[in-house]
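Please prepare a short briefing on the structure below.

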Amino acid sequence: MLSAVVRSAVSKYSGLWLPSQALVRAMSSSSSSSGGPVPPYTTLAITHPAESVTHVELHRPEKRNAMNKAFWSEMVDCFNEIAEDPDCRVVVVSGAGRLFTAGIDLMDMASEVLQPEGDDTARISWNIRKMVAKYQEAFSVIEKCPKPVVVAVHGACIGGGVDLVTACDIRLCTQDAWFQVKEVDIGLAADVGTLQRLPKVIGSRSLVNELALTARKMYADEAKSSGLVSRVFADKEAMMAGALEMAGEIAGRSPVAVQGTKINLIYSRDHSVAEGLNYMATWNMSMLQTQDLMKSAQAAMEKKSPKTIAFSKL
């Protein structure tokens with residue numbers, strides 16, 4: 001049945017990137033074995049579908065993966081743990097159910113957002129600032145995590161979902177995916193990352209302004225042409241297999257090289273070229289002393305894939 005689905009997808013979406021059928025089956029099997037969140041998490045399901053790969057799934061499908069109070073702290077705890085986990089070299093993020101996420105859970109968050117505590121205006125404002133900073137950290141922690149994060153989006157990605165995906169390193173989506181900077185429609189300016197990261201992701205200030213000021217939907221083809229995503233897949237099954245295949249390619253490389261690359265890419269994004277080069281030179285004063293360099297060079301001379309090398313944990 002699955003092979004028939006893949007063949008159909010290939011013929012219908014010949015311009016889309018599709019992974020091998022073996023990986024479709026592998027990812028499908030891994031996903032179906034997930035039983036949902038396991039304590040201490042209530043909104044995230046954490047699995048390990050392949051060696052050195054961690055899968056973080058937004059898992060409130062009955063609520064369209066809306067972001068409730070627990071979600072914000074669980075994201076921080078989850079990615080802080082991943083950052084320190086030597087067995088994890090790459091992360092895949094996705095959403096359970098019919099869509100990636102509907103954004104903030106307004107019903108669950110109403111009391112905290114609309115009725116902040118404080119005895120006077122100054123104290124109320126102080127607490128609002130603390131609250132917003134807490135929400136911001138839920139996505140900044142993805143960027144701070146040295147492990148590359150691949151996000152796989154299907155269906156709707158609304159509001160906070162855009163904040164989340166712009167903090168990730170590689171973005172994939174399905175043909176039916178769409179993105180919406182929704183905050184102006186609910187009387188807010190997006191405040192947890194979209195306005196800061198989206199301009200650096202897609203590069204067109206005019207397009208960013210249009211999306212943020214009109215709250216219109218951006219569909220998959222436009223998301224790819226603008227650079228928001230790098231690949232579009234026929235459906236979620238193929239996308240998840242493609243995400244796992246990509247994660248496997250990353251995990252097979254030296255973790256010293258991979259994590260150093262992510263850290264320096266982010267540093268260079270936020271600094272001048274001269275500052276980035278100086279930081280890189282200082283970084284490699286110590287990182288060039290890794291045994292991974294000689295192992296990788298030897299594999300290259302022998303025309304072997306770096307994935308054949310048994311790199312030490314980091």
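The points below are grouped by topic.

The model is predicted, and local features are given only where pLDDT is at least 70. The largest pocket holds about 630 Å³ of space, and a search of the whole structure finds three cavities of 30 Å³ or more. The whole structure also has 15 salt bridges.

**Largest pocket**

- The lining of the largest pocket consists of 29 residues.
- Nearest the centre of this pocket lie Ile104, Leu106, Glu183, Ile186 and Leu188.
- Helices α4, α5 (121-144) and α6 (160-166) each supply at least two residues of the lining.
- Helix α4 gives the most to the lining, with five residues.
- By class, the lining has 19 nonpolar, seven charged and three polar residues.

**Nonpolar surface patch**

- Ile104, Leu106, Val113, Leu114, Ile186 and Leu188 make a nonpolar surface patch of about 500 Å².
- Ile104, Leu106, Ile186 and Leu188 are among the members of this patch, and these four are also among the residues nearest the centre of the largest pocket.
- Leu114, another member of the patch, belongs to helix α4, which spans residues 106-114.
- Leu114 has a relative accessible area of 66%, over the 50% cut-off, and therefore counts as exposed.

**Second largest cavity**

- The second largest cavity contains about 50 Å³ of space.
- Its lining is made up of Val162, Phe179, Gln180, Val181, Leu198, Leu211, Arg216, Met218 and Leu228.
- Seven of these lining residues are nonpolar, one is polar and one is charged.

**Salt bridges**

- Asp87 pairs with Lys313 in a salt bridge, with 2.5 Å between the closest N and O atoms.
- Asp87 is partly exposed at 44% relative accessible area, whereas Lys313 is exposed at 56%.
- Glu143 forms a salt bridge with Arg197, and their closest N and O atoms are 3.0 Å apart.
- Because Glu143 lies in helix α5 and Arg197 in helix α7 (residues 194-202), the pair ties together parts that are 54 residues apart in sequence.
- Both Glu143 and Arg197 are buried.
- A network of salt bridges links Glu143 and Arg197 with Lys200, Arg269 and Asp270.
- Lys304 and Glu302 also form a salt bridge, the closest N and O atoms being 3.1 Å apart.
- Lys304 is partly exposed, with 48% relative accessibility, and Glu302 is partly exposed too, with 39%.

**Backbone geometry**

- Most residues other than glycine have a negative phi, and most peptide bonds are trans.
- The peptide bond from Pro39 to Pro40 is cis, with omega near 15 degrees.
- Pro40 is located in the loop between α2 (21-33) and β1 (44-50).
- Asn65 is not a glycine, yet it has a positive phi of about 55 degrees.
- The loop that holds Asn65 runs between β2 (53-58) and α3 (69-83).
- Asn65 is buried because its relative accessibility, 3%, is under 20%.
- Lys303, also not a glycine, has a positive phi of about 55 degrees.
- Lys303 sits in the segment after α13 (291-301).
- Is Lys303 buried or exposed? Lys303 is exposed, with a relative accessible area of 77%.

- Ala247 lies in helix α10, residues 236-251.
- At 0% relative accessibility, Ala247 is buried.
- Ala247 and Pro148 are 99 residues apart along the chain, and their C-alpha atoms are separated by 8.7 Å.

Note on methods:
Residues are numbered from 1 along each chain as its sequence is written. This is a predicted model: local features need pLDDT of at least 70, side-chain atom pairs count only at pLDDT 80 or more; totals for chains, interfaces and linings use all residues. Side-chain values use heavy atoms; hydrogens and water are left out. Patches are made of residues with over 30% relative accessible area and no salt bridge: like charges are joined within 9 Å, nonpolar side chains (Val, Leu, Ile, Met, Phe, Trp, Tyr) within 5 Å. Accessible areas come from the Shrake-Rupley method with a 1.4 Å probe; for residues, only the protein chains shown count as cover. A salt bridge is a side-chain nitrogen of Lys or Arg within 4 Å of a carboxyl oxygen of Asp or Glu. Helices (H or I, at least four residues) and strands (E, at least two) are DSSP runs, numbered from the N terminus. Buried means under 20% relative accessible area, exposed over 50%, partly exposed in between (1.4 Å probe, protein chains only). On a 1 Å grid over the protein atoms alone, a cavity is a set of points where a 1.4 Å probe fits but cannot get out, and a pocket is an open set with protein on both sides within 12 Å along at least five of seven lines; lining residues have an atom within 4 Å of a point. Grid points are joined across faces, edges and corners, and a volume is the space filled by probe spheres set on the points. Ala, Val, Leu, Ile, Met, Phe, Trp, Tyr, Cys and Pro count as nonpolar, Asp, Glu, Lys and Arg as charged, and the others, Gly among them, as polar.
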